[in-house]
Number of protein chains: 4
Amino acid sequence: MIIVMIPSATDQQVATVASFVERAGLKPHIMNGVERKVFGVIGQIDREFEQQAERLEGVDFVQRITKPYKLASREGREASTVKVGNVVIGGPTCVIMAGPCAVETEEQLMESARIVKAAGAHMLRGGAFKPRTGPYAFQGLAEDGLKLLAQARDATGLPIVTEVKTPSAVELVARYADMLQIGTRNMQNYDLLIEAGKSGKPVLLKRGMSSTYEEWLLAAEYILANGNPNVVLCERGIRSFEQYTRNVLDVAAIPVIKRLSHLPIIADPSHATGKWHLVEPMSYAAVAAGADGLIIEVHPNPDKAWSDGAQSLTPENFSKLMQNLQKFAIAAGRTL
Amino acid sequence: MIIVMIPSATDQQVATVASFVERAGLKPHIMNGVERKVFGVIGQIDREFEQQAERLEGVDFVQRITKPYKLASREGREASTVKVGNVVIGGPTCVIMAGPCAVETEEQLMESARIVKAAGAHMLRGGAFKPRTGPYAFQGLAEDGLKLLAQARDATGLPIVTEVKTPSAVELVARYADMLQIGTRNMQNYDLLIEAGKSGKPVLLKRGMSSTYEEWLLAAEYILANGNPNVVLCERGIRSFEQYTRNVLDVAAIPVIKRLSHLPIIADPSHATGKWHLVEPMSYAAVAAGADGLIIEVHPNPDKAWSDGAQSLTPENFSKLMQNLQKFAIAAGRTL
Amino acid sequence: MIIVMIPSATDQQVATVASFVERAGLKPHIMNGVERKVFGVIGQIDREFEQQAERLEGVDFVQRITKPYKLASREGREASTVKVGNVVIGGPTCVIMAGPCAVETEEQLMESARIVKAAGAHMLRGGAFKPRTGPYAFQGLAEDGLKLLAQARDATGLPIVTEVKTPSAVELVARYADMLQIGTRNMQNYDLLIEAGKSGKPVLLKRGMSSTYEEWLLAAEYILANGNPNVVLCERGIRSFEQYTRNVLDVAAIPVIKRLSHLPIIADPSHATGKWHLVEPMSYAAVAAGADGLIIEVHPNPDKAWSDGAQSLTPENFSKLMQNLQKFAIAAGRTL
Amino acid sequence: MIIVMIPSATDQQVATVASFVERAGLKPHIMNGVERKVFGVIGQIDREFEQQAERLEGVDFVQRITKPYKLASREGREASTVKVGNVVIGGPTCVIMAGPCAVETEEQLMESARIVKAAGAHMLRGGAFKPRTGPYAFQGLAEDGLKLLAQARDATGLPIVTEVKTPSAVELVARYADMLQIGTRNMQNYDLLIEAGKSGKPVLLKRGMSSTYEEWLLAAEYILANGNPNVVLCERGIRSFEQYTRNVLDVAAIPVIKRLSHLPIIADPSHATGKWHLVEPMSYAAVAAGADGLIIEVHPNPDKAWSDGAQSLTPENFSKLMQNLQKFAIAAGRTL
């Protein structure tokens with residue numbers, strides 16, 4: 001940690017900082033700059049010590065040096081892969097998860113599953129527990145939806161990824177699903193992260209819509225620290241002033257996360273844009289930037305969808321996307 | 001709802017939209033503008049219909065007319081008050097909740113309670129369950145913390161507000177606390193909102209750090225729709241590009257919410273700014289803008305605090321703030 | 001335009017709005033919704049009328065229907081191409097502009113020009129007038145820099161793109177350059193836009209770092225409305241809460257702009273990210289999303305650059321990027 | 001400056017950094033942390049050196065220690081006052097500048113001037129050169145507007161503040177105005193800042209709508225460094241995801257700037273909110289937070305205003321605001 005004094009700090013203030021550091025069992029290392037005095041503080045430093053130091057008289061600001069996540073860090077590690085059923089995320093194949101926003105009916109889900117499989121998807125997505133902005137919207141079929149998902153897996157062989165919204169439901173969802181999805185609104189639902197960690201199931205951790213890379217990796221750290229190494233990150237768009245798209249897909253998150261962390265990362269162009277006609281170009285962009293996969297909303301009849309119809313692809317559009325995507329995956333040194 | 005066609009929409013596309021609207025049991029009302037055709041759609045419209053309509057060929061965009069929250073709306077209602085113990089929020093008194101970020105020890109909490117009471121605070125705050133960005137930070141004393149809070153209430157008579165993080169803990173926290181706090185990271189934790197609604201306890205609902213006013217009022221709607229009218233909103237700062245302060249306290253949220261909703265609203269200058277020296281001016285600003293109260297972090301020894309030391313006031317600073325605040329409260333037509 | 005009344009609007013208020021509309025020579029078209037009355041207003045409406053209408057008693061909000069830009073709109077138009085020297089932007093070739101952030105010396109610029117040409121770039125970039133955040137940083141070589149750019153063009157045949165910061169310098173810069181660049185900080189420098197419009201020279205218009213798509217297209221409209229059809233847009237990253245990268249490259253801007261406007265659009269991965277190691281993946285992403293070109297900072301010795309060294313590519317890295325980019329350009333149906 | 005190495009940095013990389021620092025004439029000061037090596041670099045360091053250092057192999061990141069603005073800094077200075085005519089900004093009086101968004105006609109301006117003077121305003125505002133988002137909106141009366149402003153000053157004795165948009169107009173505007181306003185879109189129009197600096201006239205420098213405090217103070221530094229000490233800052237709202245208000249008035253900017261800089265700071269609640277009914281509470285908030293003044297839009301007939309009608313106060317509302325504001329000014333230790 002670095003403690004930067006104000007230019008006009010008194011000798012007394014400098015001495016107080018030094019003894020404050022020492023009393024905490026740390027080693028202060030003073031540097032006399034042209035304008036200011038700066039302390040390097042050596043030892044294991046927690047966030048509380050930082051906050052306390054920032055209050056001391058004569059201190060301008062403090063700067064952390066070490067990263068607060070350890071298990072999620074790339075430092076000294078190879079890139080990880082996560083296995084979901086027989087699908088490997090983070091390996092040579094760019095993994096495509098596709099399906100409807102919400103599980104609505106047996107017919108809708110089974111048809112969706114057949115469509116996405118035929119087009120080449122590797123996994124089936126679909127929500128049984130839907131976090132909805134307002135209390136009057138369709139909230140999902142709950143366990144009945146999970147059963148339909150399991151039935152679709154049995155019929156197609158596609159592993160299932162589905163959202164879990166609350167800690168007490170982790171056990172139930174984990175019984176049916178191959179991969180637990182933690183949504184953007186729950187990225188900092190720490191009790192949920194802990195339960196997902198304890199479950200040992202592969203987890204797809206979406207980025208909070210206004211979360212920094214560091215906060216995201218700290219959320220992953222909660223899962224990892226609870227004994228579950230099977231974490232895949234998902235960039236799904238961040239909030240901005242622009243309202244034409246629902247969110248801004250931060251494509252640069254893909255190469256940045258690959259530098260900061262060993263965890264695989266995929267992208268969700270459907271929720272990021274909120275518009276079906278942007279899903280195709282943003283899918284290509286994400287794969288070109290090095291994404292390990294994509295999660296895409298596909299619905300047999302988007303104009304009858306019970307949720308997120310505006311962003312769902314028709315079967316024809318999804319099929320076309322998968323064909324073109326092949327070329328970008330190859331250009332990126334991947335297979336599809 | 002309004003459906004706006006593109007200027008080049010064909011007669012066929014216009015006819016398709018009209019019949020789509022009619023099939024949904026709604027009444028299309030066409031207007032021929034100079035450049036475009038526009039449909040007014042009359043009837044009860046849900047979000048799914050909007051999304052579906054937006055996909056139709058020839059449609060440029062759709063615009064919702066009605067507000068999606070009903071119970072939280074100001075329309076046709078007087079401003080509400082919420083009673084917590086013997087304290088009334090939303091009435092003539094500007095209600096001050098104060099205390100440490102986290103409950104640490106019996107001594108620390110009891111001393112905090114005495115300090116804030118002596119300075120004139122109306123309620124005691126303190127966290128027993130702490131949502132922390134990283135898994136290695138102090139996570140709170142849990143039920144032991146709740147017991148200390150109850151003990152502090154008994155000693156001082158101050159009602160207690162404390163955070164609940166997860167649906168399954170609502171019953172436990174409600175047993176000890178006078179008011180449940182739902183934090184910024186949990187504003188869209190819908191299962192938690194539902195449980196808080198069912199509990200009937202007064203709820204302090206903090207704004208999500210990147211939530212719009214509408215999303216915030218929809219979160220309140222979840223609580224109200226589950227039978228609990230005792231909701232108080234709390235503006236606590238939003239995310240921006242500026243990093244000097246932790247967040248940007250959106251002071252305008254106070255008069256805006258008072259226009260859109262009948263619910264009381266308070267402000268949290270401590271978390272918004274993250275710096276103790278900004279708590280004082282931002283407290284004055286919030287009260288001047290019409291806030292029904294404030295929630296402020298005070299710690300007997302901020303430079304030894306186990307969390308958020310940088311933003312906690314010393315007893316002396318809090319006492320000074322309370323004295324000056326009196327003048328601003330009176331200017332705003334309130335008492336303290 | 002749509003005028004939405006509050007649910008409790010009185011008949012008198014509704015009548016006042018109707019006569020207000022009529023007095024402006026417009027036709028009010030009333031719809032009686034379930035909850036509210038809504039006016040469709042037919043005729044040519046300006047921003048002032050909207051603002052005035054929003055103030056009337058009983059009005060909840062107004063919604064514009066038509067887009068405020070006309071010449072920049074895609075409506076009824078094919079995609080445009082812009083010719084710069086012998087280079088066509090917006091056609092089958094993905095156009096690469098490359099070179100140093102700032103023109104520093106004859107040797108540095110000539111070497112840069114040879115390097116980028118050898119690697120396959122189509123145009124040379126380099127700043128002679130540098131907008132710098134602080135007054136004490138290197139501000140560019142001014143006309144001497146322009147002369148060096150012209151010399152580099154003569155030596156390599158590459159057309160030159162360079163920034164102009166102020167209206168009075170447009171004539172000077174246009175004398176040397178093949179394309180005028182208007183930077184992010186000047187996107188709403190309207191006098192500059194007007195002069196650039198009058199010059200008739202091709203203009204590269206960067207997006208303001210917190211500008212919406214509409215504001216950006218309105219800035220282009222200023223140039224177009226002053227008689228200059230040769231406008232190319234450049235997405236260069238927007239401001240967000242994330243500080244790891246300098247800005248967030250909004251890759252979705254590429255397909256969105258292609259839908260809203262006929263103007264070509266390129267991307268600037270160097271300024272968007274601020275880090276050289278992100279330039280490569282973001283270049284691939286932009287081209288995959290359909291960009292008509294890229295503008296990339298390359299410096300013979302980035303660790304000696306007088307500005308923006310952290311984001312400049314070495315000759316080796318640029319050459320590698322160009323080779324890989326070929327594959328993505330082909331996948332996107334382009335040539336390089 | 002601090003240079004932080006990655007944990008796995010080799011001895012060779014550390015040695016290279018050390019010699020890189022020394023070759024620049026600076027002194028490297030190495031600290032061996034638990035996990036990493038960190039260099040303190042002592043000497044006068046420019047932004048270019050930082051960028052170059054960030055590229056070196058084995059470097060994780062660099063951290064600047066000193067602030068890049070010197071003349072604008074509070075360090076070692078008392079708070080400044082700026083005199084405009086006989087009005088002192090930054091002293092005991094909270095200075096109110098009021099008037100219409102744009103100068104429209106002689107009658108409108110003279111009436112506005114009389115109104116705001118009668119209500120107690122200290123200065124008259126009004127735009128003769130209007131920066132408008134689109135090219136088809138009213139752009140101001142130019143010099144004719146300036147003449148009317150001068151006439152209004154002669155009639156009322158109120159000093160005039162009016163916007164200048166472009167460097168070449170500084171001389172003209174300075175001939176008529178008492179204070180030059182530089183708008184949010186021009187905060188980083190460096191040529192304009194330089195001319196405003198050379199003019200010596202008092203300057204009202206609005207914050208760029210997505211500018212950090214540091215960028216804002218660096219913009220002020222441009223004016224100061226060109227020999228003009230008469231700079232007043234104006235917080236006028238920043239961009240966010242919330243669309244109900246035009247911008248978010250960052251009230252905390254007021255106490256933050258007072259800590260970082262000696263320059264006076266006022267607030268513009270009209271442009272920040274875009275809604276007349278929010279001007280009153282936000283005026284109170286800004287003064288409560290310590291603002292040295294306010295700039296407020298007032299129009300004799302806002303529902304006939306040629307620009308920004310939605311945010312202008314009527315004479316009655318302005319008069320009421322001024323009466324109530326008195327109480328808040330007194331509470332803040334000011335007079336009005």
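In the predicted model, chain C is superposed on chain A by a rotation of 180° with 0.0 Å of shift along the axis, at an RMSD of 0.0 Å. This relation is that of a two-fold axis. Within chain C, the C-alpha nearest the axis belongs to C:A285, which lies 2.0 Å from it.

The contact between chain C and chain A draws 29 residues from chain C and 29 residues from chain A. On the side of chain C that touches chain A, two or more residues are given by each of α8 (253–260), α10 and α11 of chain C. Of these elements, α10(C) gives the most, with six residues. By class, this side of chain C comprises 20 nonpolar, six polar and three charged residues. Of the interface residues of chain C, 100% are also interface residues in chain A, so the copies meet through the same surface.

Two of the helices that contribute to this side of chain C, α10 and α11, also pack against each other within the chain. Helix α10(C), residues 276–288, and helix α11(C), residues 315–331, pack at an angle of about 20°, and their axes are 9 Å apart. Because angles under 35 degrees count as roughly parallel, α10(C) is roughly parallel to α11(C). The crossing of the two helices α10(C) and α11(C) is right-handed. The residues from α10(C) are C:W276, C:E280, C:S283, C:Y284, C:V287 and C:A288, and they meet C:N317, C:L321, C:N324, C:L325, C:F328, C:A329 and C:A331 of α11(C). The contact of α10(C) with α11(C) has nine nonpolar, three polar and one charged residues.

Chain A can be laid on chain B by a turn of 180° and a shift of 0.0 Å along the axis, with an RMSD of 0.0 Å. Among the residues of chain A, A:S210 comes closest to the rotation axis, its C-alpha lying at 3.1 Å.

The contact of chain A with chain B takes 41 residues from chain A and 41 residues from chain B. On the side of chain A that touches chain B, the elements giving two or more residues are α2 (47–55), α6 (190–199) and α7 (213–225) of chain A. Helix α2(A) gives the most to this side, with six residues. The residues of this side of chain A divide into 16 nonpolar, twelve polar and 13 charged. Here, too, 100% of the interface residues of chain A are also interface residues in chain B, so the copies meet through the same surface.

Chain A is divided into domain 1, spanning 2–63, and domain 2, spanning 82–331. The C-alpha centres of domain 1 and domain 2 of chain A lie 45 Å apart. Helix α2(A), with residues 47–55, falls within the bounds of domain 1 of chain A.

Helix packing was also examined in chain B. Helix α3(B), residues 106–119, and helix α4(B), residues 143–156, pack at an angle of about 35°, with 10 Å between their axes. The crossing of α3(B) and α4(B) is right-handed. In this contact, B:E106, B:L109, B:M110, B:A113, B:R114 and B:K117 of α3(B) meet B:L148, B:A152, B:A155 and B:T156 of α4(B). The residues of the contact of α3(B) with α4(B) divide into six nonpolar, one polar and three charged.

How values were computed:
Residues are numbered from 1 along each chain as its sequence is written. Chains are lettered from A and ligands numbered from 1 in the order in which they are written. This is a predicted model: local features need pLDDT of at least 70, side-chain atom pairs count only at pLDDT 80 or more; totals for chains, interfaces and linings use all residues. Axes are lines fitted to C-alpha atoms, for helices over the stretch in contact, and angles run from 0 to 180 degrees between N-to-C directions. Helices (H or I, at least four residues) and strands (E, at least two) are DSSP runs, numbered from the N terminus. A crossing is left-handed if the near helix is turned anticlockwise from the far one by less than a right angle, and right-handed if clockwise. Two residues are in contact if their C-beta atoms, placed from the backbone, lie within 7 Å. Ala, Val, Leu, Ile, Met, Phe, Trp, Tyr, Cys and Pro count as nonpolar, Asp, Glu, Lys and Arg as charged, and the others, Gly among them, as polar. Copies are superposed by least squares on the C-alpha atoms of residues with pLDDT of at least 70 in both. Angles under 35 degrees count as roughly parallel, over 145 as roughly antiparallel, 65 to 115 as roughly perpendicular and the rest as oblique. Domain bounds come from an automatic or database domain assignment.
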